[in-house]
Structures are given as structure tokens and as C-alpha cells.
Amino acid sequence: MCGVFGIYGHEEAANLTYLGLHALQHRGQESGGIVTSDGQRLRSHRSMGLVADTFTQPVLEQLPGTLAIGHVRYSTAGGSHLKNAQPLQVSFVGGQLAVAHNGNFVDAEATRRGLEADGAIFQSDSDTENIIHHIARSKAPTLEAKVIEALRRTSGAFSVLFLSDTQLIGARDPIGFRPLVLGRLKEAYVLASETPALDLIEAEFIREIEPGELVVIDANGLRSSFPFEKAPPGRCVFELVYFARPDSQLFGTSVFQVRKKLGAQLASEQPVEADVVIAVPDSGVPAAIGYAEAAKLPYDVGLIRSHYVGRTFIEPQQSIRHFGVKLKLAPVRSTLEGKRVVVVDDSIVRGTTSRKIVKMLKDAGAREVHLRISSPPTSWPCYYGIDTPSRKELIAASHTVDEIARYVTADSLAYLSVQGLVTAAGDASGRSFCAACFTGKYPTPLVTA
């Protein structure tokens with residue numbers, strides 16, 4: 001659950017990386033970092049918090065160079081501490097190196113135990129540091145070869161950037177779990193997790209980095225190779241459901257249009273007599289529009305989201321019930337009062353937030369609340385870079401749909417089918433997607449510590 005950005009060959013590398021990370025802020029809000037190179041030396045700044053708060057103009061002025069990589073983090077391996085903020089930067093016998101990683105290595109804990117037993121000293125809790133140790137121990141003659149050797153020794157998801165004093169290297173795992181795109185800004189090359197980062201700096205989108213591809217960008221230009229063993233594709237379908245920005249072009253398609261199709265498919269599979277369709281903002285909006293259009297029902301704004309809520313806030317006494325959700329969402333009584341309401345959301349995880357939303361809508365005068373979810377029940381945790389709870393915390397792992405409906409106090413509850421999901425996402429066979437969080441069918445072996 002992270003975002004990465006890299007640029008090679010631009011005098012304002014740090015400033016453009018700052019902008020790119022701002023466009024990727026939805027992928028991680030815990031910490032941010034930028035490392036730059038002037039061709040001789042790497043300089044870095046990492047901090048907890050949001051990009052706009054972390055990278056002031058004085059900070060960016062201390063990051064000269066024409067090469068840079070950046071990272072925004074939401075932890076999936078390692079706690080939320082400054083020591084785990086990325087890019088990670090080291091000096092070793094091969095020179096200076098910085099690494100920014102989006103994904104998760106399923107063998108990370110077992111690998112770390114082996115490295116520690118062999119004398120390795122770790123400076124962070126992040127699974128990304130395993131790669132650095134593999135690179136430092138490699139006898140390969142070039143950084144490119146060391147990176148390939150290190151990544152071949154891992155299992156799981158990676159869209160990862162490496163920065164040396166003179167090179168920018170990007171790689172994507174053979175299954176293609178996490179996105180990585182290539183762009184061009186005049187003579188400069190850009191790598192980023194999603195296309196909005198290119199759009200913001202007015203870079204041209206060239207193409208996606210392919211699953212299993214490694215690109216090296218240096219003074220000789222860009223060269224590409226496929227040094228990893230081929231694997232069946234397994235792009236994360238939850239990126240299309242929720243995680244990616246709706247204005248992204250991802251996996252060869254428009255995320256916004258896919259989400260509208262998810263809503264339309266949901267309306268086809270799970271119709272209900274109602275007066276109005278509303279969304280749980282912001283992530284449920286495209287699917288709610290698609291549901292309303294397909295169901296021939298009016299779409300309206302029934303919940304207003306505050307955009308001034310951080311990840312933490314001071315709660316008053318518990319006598320104010322549902323304070324957390326009320327701080328983020330407020331009902332529009334004129335839309336809801338006396339109405340039979342379809343409320344569309346992208347997923348249900350624990351069910352506690354859905355329960356509070358349904359109560360809020362009913363308290364605001366909704367006569368009936370019918371909850372529709374534009375993905376299947378989330379019954380299994382993700383091990384490939386999205387921070388989902390353990391299976392015992394996922395309500396759909398231990399409750400039927402009817403039981404969940406009763407818990408959240410909805411008049412009805414229905415989910416999109418797995419088949420409907422992959423069809424709307426553009427692959428009716430589903431073979432090109434990882435949907436393990438819905439099916440429990442993981443595309444790689446899971447390695448336990």
C-alpha cells in the first residue's frame with residue numbers, strides 16, 4: 001500500500017518528485033521520502049506525515065540533482081516508524097544506493113531470519129531491507145546484475161525503484177501484482193505507480209512496465225530486459241475496485257470506467273426497489289453512478305465527506321457515539337428523508353464502519369437502507385501489499401451475508417459476484433487477475449516465519 005516515483009535527467013528532479021508523490025498520496029499517508037543524486041552523491045529527506053507537510057521549499061532546496069526517487073508509505077510489513085520510511089538509503093562496497101518499494105515479500109520473515117543468522121544487521125523492520133542485504137552480498141559485476149540476482153531470491157509482489165549516483169532502475173514482479181508506469185517529460189524519463197503522477201507534471205504516458213520487466217535508465221538512455229522466470233499474470237483486482245485513483249489508466253484500462261461497470265453489473269445482479277442511489281464517498285462514487293444508470297434510478301449526494309480529517313484525531317468522551325465516522329461523513333437529510341435508499345460502497349472489511357453509516361442514514365430519515373457492495377465479500381487477507389486485517393477480523397470470513405446484513409442493520413445487503421467483478425474488470429476468465437482476497441486462491445506459495 002505504497003506509491004513510488006522516479007525521474008532521470010531533469011534539473012528539477014526533487015521538485016517534480018514532490019509533485020509526483022503528491023499525486024500518489026492516496027497510496028500512503030504515514031510517511032514520505034525523496035532521495036536525489038547529482039551524479040556523485042545521494043542526498044535524502046524522509047519524514048512522517050503527508051507530502052505537503054514534509055517537503056517544504058527549504059527542504060527541497062537541500063536535494064539537488066537530476067535523478068531522484070520518492071516514496072509514500074502505508075505500512076504492510078514493519079511498523080509506522082521513521083526508521084521504516086522509504087526510500088531506504090545505504091552505502092556499501094558497490095557504492096551508494098536507495099530503494100523505494102511498493103508490494104510485499106511473502107517470504108520476508110523467513111528470509112530475514114536467515115540473513116540475521118548469517119550475521120546481517122538490520123536498521124529497519126521493513127521487508128524491503130532484505131533486498132539491500134542481498135544486493136550487498138552479491139558478487140555480480142554490475143548494479144543491474146546485483147539487483148536481478150537479489151530480486152530472483154524473493155517471492156511476492158514488487159514494483160520497485162533503485163537509485164545509484166548515475167542510474168535509475170525499475171522492476172516489476174513477474175506476476176504483475178502492483179502497477180508501474182513509464183513516462184517521458186521532454187528528455188527526462190519518469191517511473192511512477194500510477195498515471196496521475198505523470199499527468200500532474202505534464203509528462204507523456206508511454207506504457208506500463210510489463211510484469212517481469214526490468215528497465216535501466218542511465219547516460220545511454222533506457223534499456224529493457226525480462227530477467228525473471230515467467231509466471232501466470234495476477235494483477236491485483238482490488239487496485240481497480242478501490243485502491244488506485246479513479247483517474248488512473250491502470251492495467252490497460254480506465255479505473256473510473258471499470259468502477260462504473262462494477263456498479264452496473266451489481267445493479268444487474270442485485271436489484272432492489274428504491275427511490276435513490278447514493279455513494280459512500282469518495283471511493284464508492286463511480287460504482288454508485290454506474291448502479292444508478294443501470295437501475296434507472298436517480299443518483300444523488302446522500303453523504304458529504306470531510307476532506308480535512310487526518311489519520312488521527314482527538315476523540316471526546318465515549319458518550320458521543322460514532323464520533324469517528326461522524327467526523328468523516330455527514331448525511332444530507334433532504335436527500336434521504338422518507339426515501340428507500342441504495343447506498344453503494346466498494347467493500348466491507350470488519351463491518352463496524354458500515355454499521356455506523358447505516359445508522360447515520362436511518363437517523364437522518366431514510367425509510368429503508370439497502371447496502372450494495374461493488375466487490376465480493378472480503379474473506380481472505382492480502383499478502384501482496386495491501387493492508388488487510390487477519391482472517392479472524394474479516395467479518396465475511398465468519399458470517400453469512402444475511403448475518404452481516406443483520407449486524408450492520410441494513411434492510412438488505414448484497415455483494416457483486418466474483419464472476420461479475422472480473423468481467424467488469426475486462427477479463428471474463430479472471431485468469432489475469434489476483435482476486436485472492438475474495439477467493440483465497442493465492443498465486444504464490446505463502447511462506448511463514
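I looked up R73 and found it buried, because its relative accessibility is 3%. Buried here means under 20% relative accessible area, exposed over 50%, partly exposed in between (1.4 Å probe, protein chains only). R73 sits in strand β4, residues 67–73. I took helices (H or I, at least four residues) and strands (E, at least two) as DSSP runs, numbered from the N terminus. A polar atom of the R73 side chain lies 3.3 Å from the backbone oxygen of N84.

I note that this is a predicted model, where local features need pLDDT of at least 70, side-chain atom pairs count only at pLDDT 80 or more, and totals for chains, interfaces and linings use all residues. Residues are numbered from 1 along each chain as its sequence is written, and side-chain values use heavy atoms, without hydrogens and water.

Next I checked β5 (residues 88–92) and β6 (residues 95–105). They pair antiparallel over five bridges; pairing requires at least two DSSP bridges. A two-residue hairpin joins β5 to β6. S91 faces Q96 of β6.

Then I turned to the largest nonpolar core, which has 45 residues. Such a core is a set of buried Ala, Val, Leu, Ile, Met, Phe, Trp, Tyr and Cys residues joined through side-chain atoms within 4.5 Å. L240, V277 and Y384 touch the most other members. Elements giving two or more residues to this core include α8 (237–243), α9 (255–269) and β17 (276–279).

I listed contacts (heavy atoms within 4.5 Å) for L240. Leaving out residues up to four places away in sequence, L240 touches L250, F251, T253, V255, V258, R259, A425 and F433. Apart from this core lies another, of 27 residues, including L336, V341, L371 and A410.

Conventions:
Polar contact = N/O pair within 3.5 Å; in protein donor to acceptor, adjacent residues only side chain to side chain.
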